[in-house]
Amino acid sequence: MNQVEIIDMLNKLQMKYSVVEHPPANTIDEIDSFRLPNADLIVKNLFLRDDKKNNYYLLVISKDKVVNLKDLRFLLGSRPLSFASENDLFRYLGLKKGSVTPLGILNDLERKVEVFIDEELMRFHTIGIHPNENTATLWLSPQDLQSIIEKHGNTVRFLEV
């Protein structure tokens with residue numbers, strides 16, 4: 001799904017959201033340079049895989065958090081972790097590097113990717129994510145994001161990072 005299709009879906013689901021267009025942002029530092037409203041609520045998304053390429057994970061956390069993959073492995077109950085390749089990112093989420101977002105799950109037709117959301121984010125009234133393109137930030141509630149992912153059929157779990 002692209003940005004237009006995502007906006008259409010949100011409208012059909014009658015979910016509250018807003019969108020801010022901006023230049024392409026491949027990193028958190030780049031998006032911070034735009035000084036967007038509610039920039040402190042933008043999240044960071046890490047697309048990970050285990051060392052056997054059997055399990056894929058999308059971790060959604062506050063943009064300022066740092067994750068130790070060795071520690072995260074134990075939280076997930078996983079084999080050793082690393083970042084998934086650009087090929088895997090496109091294969092499973094239909095995304096390019098710099099556009100990682102939990103809405104990429106809507107392109108995961110195999111329902112292969114498991115989503116982990118930092119529990120802290122569920123206390124936010126809204127979070128900022130890319131709408132599958134890094135030229136905009138979409139603001140919606142974390143509960144609506146969870147609902148979208150679960151309706152698609154992917155697993156959502158919560159953890160304290």
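Predicted model: local features only at pLDDT ≥ 70, side-chain atom pairs only at ≥ 80, totals over all residues.
Visitor: What is the strand order in the open sheet?
Guide: The order is β4-β2-β3-β5-β8, 5 strands with mixed pairing.

Visitor: Which strands are at the edges?
Guide: β4 (81–83) and β8 (156–159) are the edge strands, and each pairs on one side only.

Visitor: And how much are neighbouring strands turned against each other?
Guide: On average by 35°, with direction ignored.

Visitor: Do β5 and β8 run parallel or antiparallel?
Guide: β5 and β8 run parallel, and 4 bridges join them. Within that pair, Phe 116 stands opposite Arg 157 in β8.

Visitor: Which helices pack on the sheet?
Guide: α3 is one of them; it touches β2 (43–50), β3 (56–62), β4, β5 and β8. Its direction makes about 120° with that of β4. Helix α4 (residues 86–93) also packs there, touching β2, β3 and β5. The direction of α4 makes about 100° with that of β2.

Visitor: Back to α3. What caps its N-terminal end?
Guide: Asn 68 does. One of its side-chain oxygens lies 2.8 Å from the backbone nitrogen of Lys 70, and the helix covers residues 69–76.

Visitor: What comes just after α3?
Guide: Gly 77, with a positive phi of about 70°. Ser 78 has its place in the loop between α3 and β4.

Visitor: What does its side chain make a polar contact with?
Guide: The side chain of Ser 78 makes one with the side chain of Tyr 57, at 3.4 Å. Leaving out residues up to four places away in sequence, Ser 78 touches Asp 50, Tyr 57 and Arg 73.

Visitor: New topic. Where is Met 122?
Guide: Met 122 is in the loop between β5 (113–118) and β6 (127–129).

Visitor: Which residues does it touch?
Guide: Met 122 touches Ile 117, Pro 142, Gln 143, Gln 146 and Phe 158, again not counting residues up to four places away in sequence.

Visitor: How many residues apart along the chain are Met 122 and Phe 158?
Guide: They are 36 residues apart, and their C-alpha atoms are separated by 9.1 Å.

Note on methods
Residues numbered from 1 in each chain as written. Heavy atoms only, no water. Polar contact = N/O pair within 3.5 Å; in protein donor to acceptor, adjacent residues only side chain to side chain. Helix = DSSP H or I, 4+ residues; strand = E, 2+ residues; numbered from the N terminus. Contact = heavy atoms within 4.5 Å. Pairing = 2+ DSSP bridges. Axes fitted to C-alpha atoms, helices over the stretch in contact; angles between N-to-C directions.
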